[in-house]
Structures are given as C-alpha cells and as structure tokens.
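Please have the structure open while reading.

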Amino acid sequence: MKKGVYQQLNLTHLQAVLPQLLQTAQHEQWTYETMLQRALAAELEGREQKAIARRLKAARIPSKKTVDGFDFTFQPTLSERRIRELADLSFVRTCANVIFLGPPGTGKTHLSLALADRALTAGYSVLFTTLAELAQALESASHPGLVRQRLRRYIAPPLLVIDEVGYTKLSPEQAHQFFELVTARYEHGSIILTSNTSFAQWGNLLGDEVLATALLDRLLHHAEVIAINGRSYRMKERQQERTVLSVSSEVALLGTDGKSIGVG
Ligand code: ADP
Ligand code: MG
C-alpha cells in the first residue's frame, strides 16, 4: 500500500497534532498562510523535542541536577560566580576542560551533571561515564577494531563527563587507552572530570609517572580547575536525619502535658 503524504514527507508530529490544529484554525479563523505556518512550526517543535529526548538518552545521565539546585551557602570555598560563568558553556565552545577536585560529598558530580544538563539543553551531545566504566568498556573490547570503535564513542560528543577519577587504579592497558582518549579530545572537545585525588597521585593511579605527566599536560593546558575544600553534603543530610529522628523520639517520650513519660 502506498504511504500517506504525511509519512512520505516524514511529518509524523504534524499528523498527530493536525486535528487539534484544524479545530483551532476554524475557531480562530486563521488565514491559509497562518495555518501553513502553524502546521510547519508544530512539525519543527516536535522534531526538536524528539532530538532533545534522543540526546538525553544517549548522554547516560544518572540523574538530573541543576545549578539552581545547588546550595552555594553550604560550600563557601566555591565561587558561585565561577560556576555560573561555566554554565554559559563558553568552555564547550572553546574545547576547554573543567576539573572538579575535592573529597566525597562536596558536590563534584552534582555540578558536573548540572553543566552537562545545560549543554544538553543548548543542543550539544553529551556523554557521562565514570572512569571505572570507561576503563571497563575499553578493556572488554575483544579486538583492536572494537577498541577504536568504542573509543570513538567517547571522542565524538562535544562534552564528555568522566566522573570518579581516583577510585580505580588502572591497568597498563587501561591507562594507555585513557591517555589516548584525552589526547584525541585535546583541543577537539571538552572534558568535565571529577576526582578526589590530587594530581600528584595520578602517577600512582595510572601506574606510570611519565604517562601521567603527559596526560595531565594535555588535560590541564586549557582547563579550569575547581577545588572544593568543604564538608560533605551527604553527611549533612545524614546529620539532619539523625536530628529529626532524635527529636521525634524525644517527642514520643513526652506525654501530652509535655512531661516525660519516661522509660523503664
Ligand atoms: P561528590 O560527587 O563530590 O561525591 P555529589 O555531587 O554526588 O558529591 O553530592 C552528594 C549528594 O549531595 C548529591 O545528591 C548532591 O545532589 C547533593 N549535594 C552536594 N552538595 C550539594 C549542595 N551544595 N547543594 C545541594 N545539594 C548538594
Ligand atoms: Mg561523585
């Protein structure tokens, strides 16, 4: 059977919204020209939404975080202005890198995800990974062709987030592939990287001081390094939970007159 005119022109969104559009056109007495414009705009809008959804899925973002959802008062060593400037994404346009350094729970992943979210909304392709995942993916490739193919996946997007550098020590093979990736992206695409380990430890992490020096040289040439020296937000949340728990258990021990019922 011959495909309908909408399918032939691949106007699937227009086809879906057409009945509603026609009703509004009749009700508001649109001219033919307005009708045509609205119809084409609806198709464009639908395509854009689909592209955003596709990019979001491909980015493998573990959870949505935003700059506005970050409590800067909790992390006084961190400059809000600096993060807001990064959220302008000029670092993506210039293929520069962003490195978040700091102990666990200080918001490194949160801020990386928030910047990734901005990039996605702005129309960039993004890929999120941890170093462990990346090393595993490249190592499990059974032949050199497959390694190159997988490497390309990490080289292609304008923004690559590599989270949790420092938790996993790399094998010589993995260290070499990590180096190759950073070299391939150098001045071609941005990396956001988070680490709880100081750069001095990277020789140990990669098992090779010379390789680590060469890798850091490329990584840091055009990079904004943001060190967060603060408290863990996770600990704060746990402490609050504990306070709530202890308050509610105290309340439970009080009678309605506010006197302690006492136990035992
Ligand atoms: P890190 O990657 O540095 O270990 P995360 O970014 O994973 O820390 O933060 C741990 C949790 O605390 C996350 O749920 C994150 O959204 C939240 N969090 C961390 N810092 C802040 C902050 N300053 N304001 C709001 N939420 C925060
Ligand atoms: Mg993290």
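## Contact between two helices

Val 147, Leu 151, Tyr 154 and Ile 155 in helix H8 meet Gln 177, Glu 180, Leu 181, Ala 184 and Arg 185 in helix H9; contact means heavy atoms within 4.5 Å. By class, this contact has 6 nonpolar, 1 polar and 2 charged residues. Ala, Val, Leu, Ile, Met, Phe, Trp, Tyr, Cys and Pro count as nonpolar, Asp, Glu, Lys and Arg as charged, and the others, Gly among them, as polar.

Helices (H or I, at least four residues) and strands (E, at least two) are DSSP runs, numbered from the N terminus.

## Source of the model

This is a predicted model, in which local features need pLDDT of at least 70, side-chain atom pairs count only at pLDDT 80 or more, and totals for chains, interfaces and linings use all residues. Residues are numbered from 1 along each chain as its sequence is written, and side-chain values use heavy atoms, with hydrogens and water left out.

## Backbone angles

Asn 10 is found in the loop between helix H1 (5-8) and helix H2 (12-28). Phi of Asn 10 is near 60°, a positive value in a residue other than glycine. Asn 10 counts as partly exposed because its relative accessibility is 49%; buried means under 20% relative accessible area, exposed over 50%, and partly exposed in between (1.4 Å probe, protein chains only).

Glu 164 lies in strand S3. Glu 164 is not a glycine, yet has a positive phi of about 60°. At 36% relative accessibility, Glu 164 counts as partly exposed.

How values were computed: Chains are lettered from A and ligands numbered from 1 in the order in which they are written.
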